[in-house]
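Please examine the sequence and the structure shown here before reading the numbered points below.

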Amino acid sequence: MGEGELPGLLVDEIGGKHGILHGHVAFLKKHFYLITMKEFLEDRKRMSKKVQAIYLWWHKPVIDQELLQSLPNLKVIANSGVGMDHLDLKLVASFGVKMANAPRAVSSSTADTGMALLLASARRLVEGYHIAVSSGMEYSEADILGVEVTGATLGIIGMGSIGYKIALRAKAFEMNILYHNRTRRKEQEERAVGATYCEKIDGLLQRADFVMVVVSLTPQTHKLIGKREMELMKPTATLINISRGAVVDQEALVTALQTGVIRAAALDVTYPEPLPRDHTLLKLKNVIITPHLGIKTDKATYMITEEAVENILAALNGLPIPSEVLPS
Ligand SMILES: O=CC(=O)O
């Protein structure tokens, strides 16, 4: 089936830095007539009527008023991840367009990224790699002493599906687990991972050896971890951020890392992404930075596309959308 019979799905591009993956194209084409942004712009008049859905891959294409106005048949926008902070939900909803994200597909891979950062920072893997490749294994032992993970306390801020999977992993590493969440988990869920609820973030910050930030970015969580919060943390503690850069006050973080307020940070997210080459965070020895690896495994990215297709088809058929996101 081709252009005439299948609903039009607008994507930014195929391949390239931010385009949908080549390996997903055949699957998408089973259900949709794929239209790239380039094709759309080249033949805007004809294409704008065809587009019934948009698949956002890494926040692209940018959804603004002008684009929404030009798509009279648009019914749904599916996002290739869980965070929706790049989308003006109210604006999209005002056009009668539904929205969906992909929470099921991303939780395991993102939890793995969090644990990988925790372990890498605790055991100084990146510094160790540089020692191994640069000085022929000559180093003083003091240069590579890490901190023990077993028996340490992990404080998880945000206990949704990703936070919970981090707790499962941390339990296997024999960590003590504290968590803070807007709503408390059920008692049997807490017991299953051995997690203790902290009603206030402050108590968690004061007690944790590792603090992992897993909340969505909203006006309420913007710079949730600032100077005050870092000063509450132990000087031996490590901050790990796998949510969004802006949940942590980056300027305060630089100072905290430079002055020994906290031991280290491991960041999969920053603002902006990527950081400018001369940014201080890139020069500090006690920081690990990865380029928003979060969900990026072959399996998770494919599952995201499957989840997106499921959501889009439900919306186009007037059925309940499994991972619908409503404007708050
Ligand atoms: O950043 C990743 C996501 O939003 O799922």
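1. Two strands are said to pair if DSSP finds at least two bridges between them. Helices (H or I, at least four residues) and strands (E, at least two) are DSSP runs, numbered from the N terminus. In this predicted model, strand β9 (residues 210–213) pairs with strand β10 (residues 238–241) in the parallel sense, over four bridges. M212 has I240 in β10 as its bridge partner.

2. The model is predicted, and local features need pLDDT of at least 70, while side-chain atom pairs count only at pLDDT 80 or more and totals for chains, interfaces and linings use all residues. Residues are numbered from 1 along each chain as its sequence is written, and side-chain values use heavy atoms, with hydrogens and water left out.

3. An open sheet is formed by seven strands with parallel pairing, in the order β8-β7-β6-β9-β10-β11-β12. Its edge strands, β8 (195–197) and β12 (287–289), each pair on one side only. From one strand to the next, the twist averages 15 degrees; axes are lines fitted to C-alpha atoms, for helices over the stretch in contact, and angles run from 0 to 180 degrees between N-to-C directions.

4. Helix α6 (residues 103–122) lies across β6 (153–157), β9, β10, β11 (264–267) and β12, where contact means heavy atoms within 4.5 Å. Relative to β9, helix α6 runs at about 150 degrees.

5. Just after α13, G318 takes a positive phi of about 70 degrees.
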